[in-house]
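Hello,

Here is the structure I promised to pass on to you. Please have a look, and then read my notes below.

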Amino acid sequence: MNKKLWKVPEAFVLSPFYGKGAEITISNDVDFVQGDLFHYDIRLALNCANNTEQPWDNLQTLILKVKNLWLNEGLPTLTQCFHERNRNKARPYMLYYLSLYIQTMIWLQERPVYTLNAIQEQLNHLPYAPMNIRERISFILNSPDHYHSFITLKQLFEESHKKWTIYLMKKN
C-alpha cells in the first residue's frame, strides 16, 4: 500500500468538507466509496490516480453501489446517531454521504468532480436534479450535523435514486 500526504487542491476547499491548508492521505488502492471526502476526484486532480476503471464507466453499477451503501450503511448509522442525539458522531458520516451524493450526481455526467466552487449551481443544472437542490444542498452544507439536514439528505437520496434510474433508461 503506497500512501502519501498531499495538500487538498484549492478547487476542493469548501467548508465544511475541507478548509484552507487541509491535507489528505492518498492511497492507490482505495475504492471510491472509502477513504476521505472526494478522495477519487482529488486523486485525479493531483494526477495520483492509477489507470483503473473510472466510477462513471459503468453507471448502472455506480448507482447500485451508491444506493446499497446509503441504504445498508449510511442511513442506519445516521439514524442511530440522531436517535442518540449525537451530532458530533453524525457529522463525519453526514459529510461523507453528502460528498458521495455530490460525486454521484456529477459522475452521472461521465466525468469527475473538477471543483466544488458553486457546486450547488452545478447540481441545479443537471437534468436529473431534484427540485430545489441548490437550496437543499446549501442547507446541509450550512448545518451538516443537524437532524433536519439528515432528513434533507435522506430525501435527496430517495428522490435521486428514482431520477437516476429514469435518466439512465432514457440515455440508453
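A salt bridge here is a side-chain nitrogen of Lys or Arg within 4 Å of a carboxyl oxygen of Asp or Glu. Please keep in mind that this is a predicted model, where local features need pLDDT of at least 70 and side-chain atom pairs count only at pLDDT 80 or more, while totals for chains, interfaces and linings use all residues. Residues are numbered from 1 along each chain as its sequence is written, and side-chain values use heavy atoms, with hydrogens and water left out.

First, the overall picture. The protein chain has 6 helices and 2 strands (DSSP runs numbered from the N terminus: H or I of at least four residues for helices, E of at least two for strands). Their order along the sequence is β-β-α-α-α-α-α-α. The C-alpha trace spans about 40 × 40 × 30 Å along its principal axes. For 172 residues, a compact globule would have a radius of gyration near 16 Å, and the protein chain agrees with its 16 Å (taken over C-alpha atoms; the rule is 2.2 Å times the number of residues to the power 0.38).

As for burial, 47% of the 172 residues count as buried (under 20% relative accessible area; exposed is over 50% and partly exposed in between, with a 1.4 Å probe and protein chains only). Helix 3 (residues 87-107) is largely enclosed by the rest of the structure, because 15 of its 21 residues are buried. The end C-alpha atoms of helix 3 are 29 Å apart, which agrees with the 30 Å that its 21 residues should span at 1.5 Å a residue (the expected span is 1.5 Å times one less than the number of residues).

- E10 pairs with K20, with the closest N and O atoms 3.0 Å apart. Both sit in the loop between strand 1 (3-7) and strand 2 (23-27), 10 residues apart. E10 is partly exposed at 48%, whereas K20 is exposed at 69%.
- E84 meets K89 at 3.9 Å, N to O. E84 is partly exposed at 41%, and so is K89 at 38%.
- R134 and E121 come to 3.2 Å between the closest N and O atoms. R134 lies in helix 5 (residues 133-142) and E121 in helix 4 (residues 119-124), so the pair ties together parts 13 residues apart in sequence. R134 is partly exposed at 31%, and E121 is partly exposed at 31%.

Best wishes
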